[in-house]
Amino acid sequence: MSGPRRILITGAGSGLGLELARQLATPGVTFIICGRRLSALDAAAAELRALGAEVETSAVDLTDPAARDAWVATASAGTIDLAILNAAQFGGRGRDGMLERPDVAARMIDTNLAAPVALALRLSDQMRAAGQGTLLFISSLGAFAVQADAPTYSATKAGLTAFARSLREDLGPDGVRVVIAHPGHMETAQTEVHRGPLPGLMPVKDAARVILAGLEAGRSEIDFPRHLRLGLRLQALLPWKVQARINRGLRFWVDDGEDDRT
Ligand SMILES: NC(=O)c1ccc[n+]([C@@H]2O[C@H](COP(=O)([O-])OP(=O)(O)OC[C@H]3O[C@@H](n4cnc5c(N)ncnc54)[C@H](OP(=O)(O)O)[C@@H]3O)[C@@H](O)[C@H]2O)c1
């Protein structure tokens with residue numbers, strides 16, 4: 001088999017992370033997976049083991065730098081062929097019309113940006129030394145959109161994309177591949193709390209297939225659905241005020257149970 005043998009995935013207990021693991025699971029593959037909910041990780045591990053893979057699970061809150069650093073130090077003591085930096089939190093305007101509280105915003109920044117940056121820097125040292133490996137960042141088409149209802153989430157994804165593109169330039173000559181996926185809306189827990197239009201919503205199975213096909217084909221950026229990515233590219237050429245006006249038709253709120261945003 002020529003595919004990756006040791007695969008690290010953050011947030012593999014549910015959603016896209018779990019679906020990517022399912023589609024990569026085969027005898028000979030070892031998964032190193034984390035998330036906060038051990039019960040979800042245990043259920044994922046049982047499924048992946050039934051498909052012939054080996055699995056190491058760790059309950060880690062990626063907003064805790066000490067726990068995060070200890071986990072990745074242990075994981076990167078062995079060769080990692082593929083690291084999928086997937087875990088993230090979504091949040092934005094609530095039922096009461098208020099934007100996310102500063103503490104919620106800070107947690108999103110920690111999970112969606114600070115954590116993958118810290119993990120990637122650690123993993124890239126190990127991959128550079130090994131002269132091989134792939135870092136797959138799960139960003140979002142939200143990185144390119146004006147989202148008045150989710151400013152922090154958009155910023156974390158735009159920041160992640162900028163970081164990964166820069167890292168790619170640094171690691172490429174040393175044989176380490178950096179790939180960024182920019183998915184549109186997928187059917188996961190994230191879209192279950194999204195109240196508003198979800199153009200191009202796709203089953204998570206299909207999304208994982210698109211990402212893995214892009215990875216296999218050697219692409220550096222995997223953006224889908226294509227018509228939405230094209231729309232965002234064209235929109236970016238328009239004056240700023242026109243871009244913002246187009247996005248007014250896509251306004252949403254997040255039903256996350258956070259009623260008190262003051
Ligand atoms: N769904 C969409 O429409 C969509 C669109 C574009 C991009 N994305 C991106 O796709 C990726 C996967 O999201 P998803 O849609 O699959 O949502 P999801 O089902 O909510 O998955 C997020 C995963 O991240 C883990 N996680 C969250 N906070 C964590 C923390 N502090 N420490 C450790 N693990 C944490 C969660 O596990 P625990 O709760 O157990 O910690 C969960 O398994 C994310 O990067 C998301 O931004 C999603």
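Predicted model: local features only at pLDDT ≥ 70, side-chain atom pairs only at ≥ 80, totals over all residues.

Me: How many residues surround the ligand, and which are the closest?

Reply: Let's begin with the shell. The ligand is surrounded by 30 residues. The closest of them are R36, R37, N86, Y153 and T188.

Me: How much of the accessible area of the ligand does the protein cover?

Reply: On its own, the ligand has 880 Å² of accessible area. Of this area, the protein covers 94%.

Me: Which element gives the most residues to the shell around the ligand?

Reply: The elements that give two or more residues to this shell are α1 (15–24), α5 (151–171) and α6 (189–192). The one that gives the most, with three residues, is α6.

Me: By class, how many residues of the shell around the ligand are polar?

Reply: The shell has ten nonpolar and four charged residues. The polar residues in the shell number 16.

Me: Now for E19: is it buried or exposed?

Reply: E19 is placed in helix α1, and its side chain makes a polar contact of 2.9 Å with the side chain of Q23. E19 also takes part in a network of salt bridges with R22 and E47. Its relative accessibility is 4%, and the cut-off for this class is under 20%. Therefore E19 counts as buried.

Me: Which residue makes a polar contact of 2.8 Å with the side chain of H182?

Reply: H182 lies in strand β6, which spans residues 177–183. At 0% relative accessibility, H182 counts as buried. The side chain that joins H182 in a polar contact of 2.8 Å is that of D223.

Me: Which residues are joined by a cis peptide bond?

Reply: Look at the loop between β8 (221–224) and α8, where P225 lies. Omega is about -10 degrees for the cis peptide bond, which joins F224 and P225.

Me: How many salt bridges are there?

Reply: Side chains of opposite charge can pair when their charged atoms come close. The rule used here asks for a side-chain nitrogen of Lys or Arg within 4 Å of a carboxyl oxygen of Asp or Glu. By this rule, the number of salt bridges is 15.

Me: How many residues apart are R95 and D255?

Reply: R95 and D255 form a salt bridge, with their closest N and O atoms 3.3 Å apart. R95 is in the loop between β4 (82–85) and α4 (102–130), while D255 is in the segment after β9 (253–254). R95 is exposed, at 59% relative accessible area, whereas D255 is partly exposed, at 24%. The pair links distant parts of the chain, and the two residues are 160 residues apart.

Me: Why does the salt bridge of R128 and D170 tie together parts that are 42 residues apart in sequence?

Reply: The side chains of R128 and D170 meet in a salt bridge, 2.7 Å from N to O. R128 is partly exposed, with a relative accessible area of 30%, and D170 is partly exposed too, at 43%. The pair ties together parts that are 42 residues apart because R128 lies in helix α4 and D170 in helix α5.

Me: Which residue forms a salt bridge with E221?

Reply: E221 is in strand β8, and its partner is in helix α5, 53 residues apart. E221 is buried, with a relative accessible area of 19%, and R168 is buried, at 18%. With the closest N and O atoms 3.0 Å apart, the partner of E221 is R168.

Me: Which residues form a nonpolar patch on the surface?

Reply: One member, L237, is found in the loop between α8 (226–235) and α9 (240–247). L237 is exposed, with a relative accessible area of 70%. Together the patch residues have about 340 Å² of accessible area, and they are L230, L234 and L237.

Definitions and conventions: Residues numbered from 1 in each chain as written. Heavy atoms only, no water. Near = heavy atom within 4 Å. Areas by Shrake-Rupley, 256 points an atom, 1.4 Å probe, with all protein chains shown as cover. Helix = DSSP H or I, 4+ residues; strand = E, 2+ residues; numbered from the N terminus. Nonpolar A, V, L, I, M, F, W, Y, C, P; charged D, E, K, R; others polar. Patch = residues over 30% accessible without salt bridge, like charges linked within 9 Å, V, L, I, M, F, W, Y side chains within 5 Å. Buried < 20%, exposed > 50% of the residue type's maximum accessible area, 1.4 Å probe, protein only. Polar contact = N/O pair within 3.5 Å; in protein donor to acceptor, adjacent residues only side chain to side chain.
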